[in-house]
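Here are my notes for a colleague who is opening this structure for the first time. They are set out as numbered points, to be read with the structure in view.

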Amino acid sequence: MTRPTGPWLLSGPYGPTGVRQPPHAHGPGGPLPAAVLFDRDGTLVADVPYNGDPARVAPMPRAREALDAVRAAGIPVGVVTNQSGVARGLLTPRQVEDVRLRVEELLGPFSVWAVCPHGPGEGCGCRKPAPGLVLAACRRLAVPPERTVVIGDSGADVEAARAAGARGVLVSTAATRPEESVAADTTAADLLAAVRIVLDSAPVAAPAGQPRRDAGAATGEWLRSSPAGPVGEPRRHRAASAAVPRGHPALSSGEAR
């Protein structure tokens, strides 16, 4: 059996973008990350299983606002995405590229795209929750994983960040399962709230009877309170999308990508 090759590393039509922060760069609550990597489907754009049609790309609410806030801080942004539709014969490389270009048209340029085209049974090291996509993106950007944040909507995103030594922030969606929330170190109600965790950390109000944890403390965590209360609930596995295209095989949790 042939061992899978590594991930695809793609640059946008604008080339690498963003002004890299020096190691001492700080935000209001502590050091800023050297890069922020985002999951694609369900995080930046609506999750359409095996989407190869640019016309079906729809940004998630406030995604452009969140990305522009990170760019304005001079931090490179990238995408780390599983696209198992390629291995399944449901997507061509050209379709993946067409969708990528449409995402950049709607949401602006990204410094790097790291794409895993392998299926879940191929044993690659890049398919999330493995760390390969995060590590490859960090190498391309020449930033240390430990100063990188990964924002995604599934437990696999958080686990990939953790395995790479990066910081994971989970964006809760309707597909969130309780066990995914329990396993994540930090959660946010939406994408903009996740970015605020990264850029504008502040002391977190602890539940009654528990000590308060401050952002920028020795743990190095970026934490922030939200109007709904402390951000910090977690999660683990993605529920399979109910909208599976006609004719596609039934999907177990996390298999759509």
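1. In this predicted model, G152 stands opposite L170 of strand β8, and the two strands concerned, β7 (residues 148-152) and β8 (residues 167-171), pair in the parallel sense over 4 bridges.

2. Packed on the sheet is helix α6 (residues 191-199), which touches β4 (35-38), β7, β8 and β9, and whose direction makes about 165 degrees with that of β7.

3. The sheet itself is open and consists of 7 strands in the order β1-β6-β5-β4-β7-β8-β9, with mixed pairing. Because β1 (8-10) and β9 (187-188) stand at the edges and have a single partner strand each, one side of each is left without a neighbour in the sheet.

4. Which residues touch the most other members of the largest nonpolar core? They are F38, L44, F110 and I151, in a core of 31 residues. Two or more residues are given to this core by each of β4, α1 (63-72), β5 (77-82), α2 (93-107), β7, β8 and α6, and the largest share, 8 residues, comes from α6.

5. Beyond its neighbours within four places in sequence, I151 is in contact with a set of residues including V36, F38, V169, V171, L191 and V198. Another core, of 20 residues, lies apart from the largest one, and A34, V112, A114 and A161 are among its members.

6. As for the protein as a whole, its secondary structure comes to 6 helices and 11 strands, and buried residues make up 50% of its 257 residues. Of the contacts between residues at least 6 apart in sequence, 72% join residues at least 24 apart.

Terms used: Residues numbered from 1 in each chain as written. Predicted model: local features only at pLDDT ≥ 70, side-chain atom pairs only at ≥ 80, totals over all residues. Heavy atoms only, no water. Buried < 20%, exposed > 50% of the residue type's maximum accessible area, 1.4 Å probe, protein only. Contact = heavy atoms within 4.5 Å. Pairing = 2+ DSSP bridges. Axes fitted to C-alpha atoms, helices over the stretch in contact; angles between N-to-C directions. Core = buried A, V, L, I, M, F, W, Y, C linked by side-chain atoms within 4.5 Å.
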